[in-house]
Amino acid sequence: MIINHQLDSATQNPSKNFNQRPLNAEITLIVIHNISLPPSEFNNPYIEDFFTNKLDISKHDYFKTIEGVKVSAHLLIKRDGSIIQFVDFDQRAWHAGNSIYNGTADCNNYSIGIELEGSDDINYKTKQYQSLNHVLSTLKFHYPITNVVGHSDIAPGRKTDPGPAFEWSQLT
């Protein structure tokens, strides 16, 4: 259920990396991403730290390459299926970057970004698909969602996620 633009089954960890959607923007798109920090390493607090601008770059050499980057997503689904919400759904999370879908640019304006803890070439967990399907069902009930796409679909050539390991057939 969604209460006050928040998913009631999600742990709330607010990010400052968002702004207002344009006036009268209708949420019609869901963008599926993947993220792992460091790349292909899981079950640590670094994604949450990154989305909330608390990432200690001294913890891993890779973190120096993303120092100062300000991004977020509405939701993160961890490997165990748990869900963390960083940005209220009515706000414009900074997840899509330079993007276009069906001829309309700046997908952040009209989309909800869902990150899966993972990488392009490592299988996602059954619990992640279960949580994702629950989230998609809930969002489709509350918003006029018309499409669910990958980051690679809205930023081809620039992004590859959720990658070939993501099984689109698992979505209900």
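I am working with a predicted model, where local features need pLDDT of at least 70, side-chain atom pairs count only at pLDDT 80 or more, and totals for chains, interfaces and linings use all residues. Residues are numbered from 1 along each chain as its sequence is written, and side-chain values use heavy atoms, with hydrogens and water left out.

**Sheet.** I looked up the strand order first. Helices (H or I, at least four residues) and strands (E, at least two) are DSSP runs, numbered from the N terminus. I found an open sheet of 6 strands in the order 3-7-6-11-5-12, with mixed pairing. Strand 3 (11-12) and strand 12 (147-150) are at the edges with a single partner strand each, so one side of each has no neighbour in the sheet. Two strands pair if DSSP finds at least two bridges between them.

**Strand 5.** I then checked strand 5 (29-35). Strand 5 runs parallel to strand 11, joined by 7 bridges, and Val31 stands opposite Gly113. Strand 5 is also parallel to strand 12, with 4 bridges; there Ile32 has Gly150 as its bridge partner. I noted that 7 of the 7 residues of strand 5 are buried (under 20% relative accessible area; exposed is over 50%, partly exposed in between; 1.4 Å probe, protein chains only). Leu29, Val31, His33 and Ile35 lie on one side, and Ile30, Ile32 and Asn34 on the other.

**Strands 6 and 11.** I listed 3 bridges between strand 6 (residues 75-77) and strand 11 (residues 111-117), in the parallel sense. Leu75 has Ile114 as its bridge partner.

**Thr138.** I looked up Thr138 in helix 2 (residues 126-142). Thr138 counts as buried because its relative accessible area is 9%. Beyond its neighbours within four places in sequence, Thr138 is in contact (heavy atoms within 4.5 Å) with Met1, Ile2 and Leu7.

I recorded about 600 Å³ of space in the largest pocket. A pocket is an open set of points on a 1 Å grid over the protein atoms alone, where a 1.4 Å probe fits, with protein on both sides within 12 Å along at least five of seven lines; lining residues have an atom within 4 Å of a point. Grid points are joined across faces, edges and corners, and the volume is the space filled by probe spheres set on the points. I read 27 lining residues, with Asn34, Ile35, Phe50, Glu115 and Lys159 nearest the centre. Strand 5 gives the most to this lining, with 3 residues.

Notes. Axes fitted to C-alpha atoms, helices over the stretch in contact; angles between N-to-C directions.
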